[in-house]
Amino acid sequence: APDNAVDVAWYDFTTRPGAGSNAVFSGHVDYINVGPAVFWNLKDLQPGDRVEVRYADGTSLAYAVTAVNTFDAASAPIDQIVGPTPKDSLTFITCAGTFNTATRQYDKRLVVRAEKV
């Protein structure tokens, strides 16, 4: 996960967007002494919503949200979330659920999947 409220991390063991499989990104939902973070509004995405990736060279790729799921953090199907997909996909992961002040962790993970259009 990123070490601040504004950056999004790409899991470099997954493919790059546009390469034909699953590109996985994570970001914080909120951040200490900041409040809402980069993925604060991820929960508002719905199937059919458009997501766009822009490379530094100006190349743009369009994706449509296909699924929005919340999993228990302890039992999330990691292989399904970060594993390869048969279609060019983006997967976004952030925290959700209840924040435990003792462990400083949320008990759920919000996972949004989008496929290239």
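## Strands and the sheet

Two strands count as paired if DSSP finds at least two bridges between them. Helices (H or I, at least four residues) and strands (E, at least two) are DSSP runs, numbered from the N terminus. The model you are looking at is predicted, so local features need pLDDT of at least 70 and side-chain atom pairs count only at pLDDT 80 or more, while totals for chains, interfaces and linings use all residues. Residues are numbered from 1 along each chain as its sequence is written, and side-chain values use heavy atoms, with hydrogens and water left out.

With that in hand, let's walk across the sheet. Six strands make an open sheet with mixed pairing, in the order β1-β2-β7-β8-β6-β5. At its edges are β1 (9–10) and β5 (50–54), each of which pairs on one side only.

## Strand partners

Trp10 has Phe25 in β2 as its bridge partner.

## Nonpolar cores

A nonpolar core is a set of buried Ala, Val, Leu, Ile, Met, Phe, Trp, Tyr and Cys residues joined through side-chain atoms within 4.5 Å. Buried means under 20% relative accessible area, exposed over 50%, and partly exposed in between (1.4 Å probe, protein chains only). The largest core has 16 residues, and those with the most contacts inside it are Leu42, Val51, Tyr63, Val65, Leu90, Phe92 and Val112. Two or more residues come from each of β2, β5, β6 (60–72), β7 (89–100) and β8 (105–116). A second, separate core of six residues includes Ile81, Val82, Ile93 and Val111.

Leaving aside residues up to four places away in sequence, Phe92 touches Phe25, Phe39, Leu42, Val51, Leu110, Val111 and Val112, where contact means heavy atoms within 4.5 Å.

## The largest pocket

On a 1 Å grid over the protein atoms alone, a pocket is an open set of points where a 1.4 Å probe fits, with protein on both sides within 12 Å along at least five of seven lines; lining residues have an atom within 4 Å of a point. The largest pocket has a volume of about 510 Å³, a volume being the space filled by probe spheres set on the points, which are joined across faces, edges and corners.

Of the 23 residues that line this pocket, Ala1, His28, Cys95, Gln105 and Tyr106 lie nearest its centre. The elements giving two or more residues to the lining are β3 (30–31), α1 (78–82), β7 and β8. The lining divides into 15 nonpolar, five polar and three charged residues.

## Loops worth a look

Ala19 sits in the loop between β1 and β2 and counts as exposed because its relative accessibility is 52%. Ala19 and Lys87 are 68 residues apart in sequence and 9.4 Å apart in space, C-alpha to C-alpha.

Asn33, in the loop between β3 and β4 (35–36), has a positive phi near 65° although it is not glycine. Asn33 is exposed, with a relative accessible area of 80%. Arg104, in the loop between β7 and β8, likewise has a positive phi, near 60°.

Conventions: Ala, Val, Leu, Ile, Met, Phe, Trp, Tyr, Cys and Pro count as nonpolar, Asp, Glu, Lys and Arg as charged, and the others, Gly among them, as polar.
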